[in-house]
Amino acid sequence: MKNKHLPVFGIGPIYVICCLILTFLGIVSRNIGFLKNGNMDKLKYIAIMIGIGLILIGIILWIYAVVVQRISDEIKSGKLVTTGAYAIVRNPIYSAFFLIFTGSLIMTYNVYLFMLPLVFYFSLTILLKMTEEKWLLEKFGVDYQQYCKKVNRVIPWWTK
């Protein structure tokens, strides 16, 4: 791994497609009345506003991480990217999709579907630990370990 670059897409397509399918099936199930008992009608408008906000943040984060920072070029160059969106979270592209899918599910204002983001988060954590984080640690060693101590995987945290 030291002499070749990391895969540009990593596990991304697998994760995103699985989350997309689960989100779609959840929304369809709710819309056909299958999950009717979980609807929280009193929170409908708040949930829709929060959902739209999360979707917009996700789209902006994705555009910044992919287009503005040209991450595919950075990966091909073999550099560890720790600036811009990557200074906020180690995996901003995954964070963006997580926000988009979570926002879509929150807009359904259905308590049963609020559980799916937890599934998304924990499955992403497991996938990243088993694949990309191992690759990055092998390639960048101590530099990657130090970066991990400062920047969270998917959800931002702020340190002093």
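This is a predicted model: local features need pLDDT of at least 70, side-chain atom pairs count only at pLDDT 80 or more; totals for chains, interfaces and linings use all residues.
**Exercise 1. What covers the buried residues of H2?**

Step 1. Helix H2 spans residues 44-68, which gives it 25 residues. From first C-alpha to last, H2 reaches 35 Å, close to the 36 Å expected at 1.5 Å a residue.

Step 2. The residues of H2 that are buried are Ala-47, Gly-51, Leu-54, Ile-55, Gly-58, Leu-61 and Ala-65. An α-helix has 3.6 residues a turn, so residues three or four places apart point the same way.

Step 3. The cover over these buried residues includes helix H3 (71-77) and helix H4 (92-106).

Step 4. Just after H2, Arg-70 adopts a positive phi of about 45°.

**Exercise 2. Determine how the axes of H4 and H5 are related, and list the residues that make the contact.**

Solution. 

Step 1. The axes of H4 and helix H5 (residues 116-130) come within 9 Å and cross at roughly 165°.

Step 2. Angles over 145 degrees count as roughly antiparallel, and H4 is therefore roughly antiparallel to H5.

Step 3. The crossing in which H4 passes H5 is right-handed.

Step 4. On the H4 side, the contact is made by Tyr-94, Phe-98, Phe-101, Thr-102 and Leu-105. H5 contributes Leu-116, Pro-117, Phe-120, Tyr-121, Leu-124 and Leu-128.

**Exercise 3. Is Val-89 buried or exposed, and which residues is it in contact with?**

Solution. 

Step 1. Val-89 is placed in the loop between H3 and H4.

Step 2. Val-89 counts as buried because its relative accessibility is 2%, and buried means under 20%.

Step 3. Its contacts, apart from neighbours within four places in sequence, are Ser-95, Tyr-147, Val-151, Asn-152, Arg-153, Val-154, Ile-155 and Pro-156.

Step 4. Val-89 and Arg-153 are 64 residues apart along the chain, yet 5.7 Å separates their C-alpha atoms.

**Exercise 4. Locate Thr-23 and state which residues it touches.**

Solution. 

Step 1. Thr-23 belongs to helix H1 (residues 12-31).

Step 2. With a relative accessible area of 5%, Thr-23 is buried.

Step 3. Not counting residues up to four places away in sequence, Thr-23 touches Phe-101, Ser-104, Leu-105 and Phe-120. Phe-101, Leu-105 and Phe-120 also belong to the contact between H4 and H5.

**Exercise 5. Describe the protein chain as a whole.**

Solution. 

Step 1. The protein chain has 7 helices and 0 strands, in the order α-α-α-α-α-α-α from the N terminus.

Step 2. Its C-alpha atoms fill a box of roughly 55 × 30 × 25 Å along the principal axes.

Step 3. Of the 160 residues, 40% are buried.

Step 4. Among contacts between residues at least 6 apart in sequence, 78% join residues at least 24 apart.

Methods
Residues are numbered from 1 along each chain as its sequence is written. Side-chain values use heavy atoms; hydrogens and water are left out. Helices (H or I, at least four residues) and strands (E, at least two) are DSSP runs, numbered from the N terminus. The expected span of a helix is 1.5 Å times one less than its number of residues. Buried means under 20% relative accessible area, exposed over 50%, partly exposed in between (1.4 Å probe, protein chains only). Contact means heavy atoms within 4.5 Å. Axes are lines fitted to C-alpha atoms, for helices over the stretch in contact, and angles run from 0 to 180 degrees between N-to-C directions. Angles under 35 degrees count as roughly parallel, over 145 as roughly antiparallel, 65 to 115 as roughly perpendicular and the rest as oblique. A crossing is left-handed if the near helix is turned anticlockwise from the far one by less than a right angle, and right-handed if clockwise.
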